[in-house]
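Please keep the structure open while reading.

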Amino acid sequence: MYTIALADDHALTLKRFADFFKNLPEYTTVVEAVNGHDLILKIKCLEQLPDIVLIDINMPVIDGVAVTHYLRVYYPSIKLIGLSNYGDENSLRDMLISGANGFVMKALSETILQEAVEAVITNKKYIDQRMEIDEQQVKYILYQQKERKERIKRIKNEFGLTEREITFLILSATSLTYEQIGETMYVEHKTIHTYFSRVSKKFNISNRQALTIYSLQNGLAAIADYK
């Protein structure tokens with residue numbers, strides 16, 4: 001039995017995917033979230049992590065790319081599949097570089113969704129074959145993914161960043177308030193200001209906007225580049 005978590009801000013689409021997995025006896029849906037922040041909070045409440053998370057790219061509060069990046073850093077064992085209304089290379093690139101194991105276009109996705117899930121469970125990459133993208137493009141995207149991992153590791157070591165500070169940087173680049181970030185990290189509001197003070201001194205940056213730009217440019221955080 002495999003457990004599934006779903007995140008999509010469209011209620012009908014969320015129900016559609018939940019109903020799909022209800023008809024497959026080998027899967028159980030344990031989370032239905034309406035955005036990336038809701039997904040993080042609900043996963044934190046589980047006694048056991050879900051095996052697979054299906055994530056819509058275009059969501060409010062924390063989009064699919066940002067939450068994929070967060071989950072890959074914070075919960076590396078979870079398999080992640082991006083869902084999108086668009087079949088463009090930007091959407092695929094953003095999700096794969098952020099750490100997704102697969103990518104599926106939403107239109108008629110029921111025809112391939114089980115195949116996609118079964119592929120990522122067995123540690124394979126799955127890319128919707130309906131997309132017009134060749135193997136060389138995919139290889140280059142995966143190379144960029146590897147580069148980002150190495151860059152994060154270098155910056156973490158160079159500036160002595162803790163895991164909690166990395167988590168703060170990811171969440172700080174989203175539209176969450178510091179109060180919401182504190183809720184997500186299970187710390188008081190004032191502790192989030194302490195995290196900002198620490199990392200801003202390490203990077204010699206004076207405000208949240210500049211910190212967000214630095215984090216995005218250096219791969220410490222991610223946001224969607226959808227149309």
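Buried means under 20% relative accessible area, exposed means over 50%, and partly exposed lies in between (1.4 Å probe, protein chains only). The model is predicted: local features need pLDDT of at least 70, side-chain atom pairs count only at pLDDT 80 or more, and totals for chains, interfaces and linings use all residues. Residues are numbered from 1 along each chain as its sequence is written, and side-chain values use heavy atoms, with hydrogens and water left out.

Helices (H or I, at least four residues) and strands (E, at least two) are DSSP runs, numbered from the N terminus. The table gives the relative accessibility of selected residues.

| Residue | Relative accessibility | Class |
|---|---|---|
| Thr13 | 15% | buried |
| His37 | 7% | buried |
| Phe159 | 23% | partly exposed |
| Phe203 | 9% | buried |

Thr13 belongs to helix α1 (residues 11–22). Because its relative accessible area is 15%, Thr13 counts as buried. A contact here means heavy atoms within 4.5 Å. Not counting residues up to four places away in sequence, Thr13 touches Asp8 and Lys106.

**The sheet**

Two strands pair if DSSP finds at least two bridges between them. Here 6 strands form an open sheet, in the order β2-β1-β3-β4-β5-β6, and the pairing is parallel. β2 and β6 (126–127) are the edge strands, each pairing on one side only. β1 and β2 pair in the parallel sense over 6 bridges. Leu6 has Glu32 in β2 as its bridge partner. β3 pairs with strand β4 (residues 79–84), also in the parallel sense, over 5 bridges. There, Val53 has Leu80 in β4 as its bridge partner. β1 is mostly covered, with 5 of its 6 residues buried.

**Helix α2**

Helix α2 (residues 36–44) lies across the sheet strands β1, β2 and β3. It runs at about 125° to β2; axes are lines fitted to C-alpha atoms, for helices over the stretch in contact, and angles run from 0 to 180 degrees between N-to-C directions.

His37 sits in α2. Leaving aside neighbours within four places in sequence, His37 is in contact with Val61, Ile62, Leu176, Gln180, Glu183 and Thr184. His37 and Leu12 are 25 residues apart in sequence and 19 Å apart in space, C-alpha to C-alpha.

**Aromatic rings**

Rings of Phe, Tyr and Trp (its six-membered ring) pair if their centres lie within 6.5 Å; planes under 30 degrees apart count as stacked, over 60 as edge-to-face and the rest as tilted. Searching the whole structure gives 11 aromatic pairs. Phe159 and Phe203 have ring centres 4.8 Å apart and planes at 80°, so this pair is edge-to-face. Phe159 lies in helix α6 (residues 135–159) and Phe203 in helix α9 (residues 189–203), so the pair ties together parts that are 44 residues apart in sequence. Tyr2, Phe20, Phe21 and Tyr27 form one aromatic cluster.
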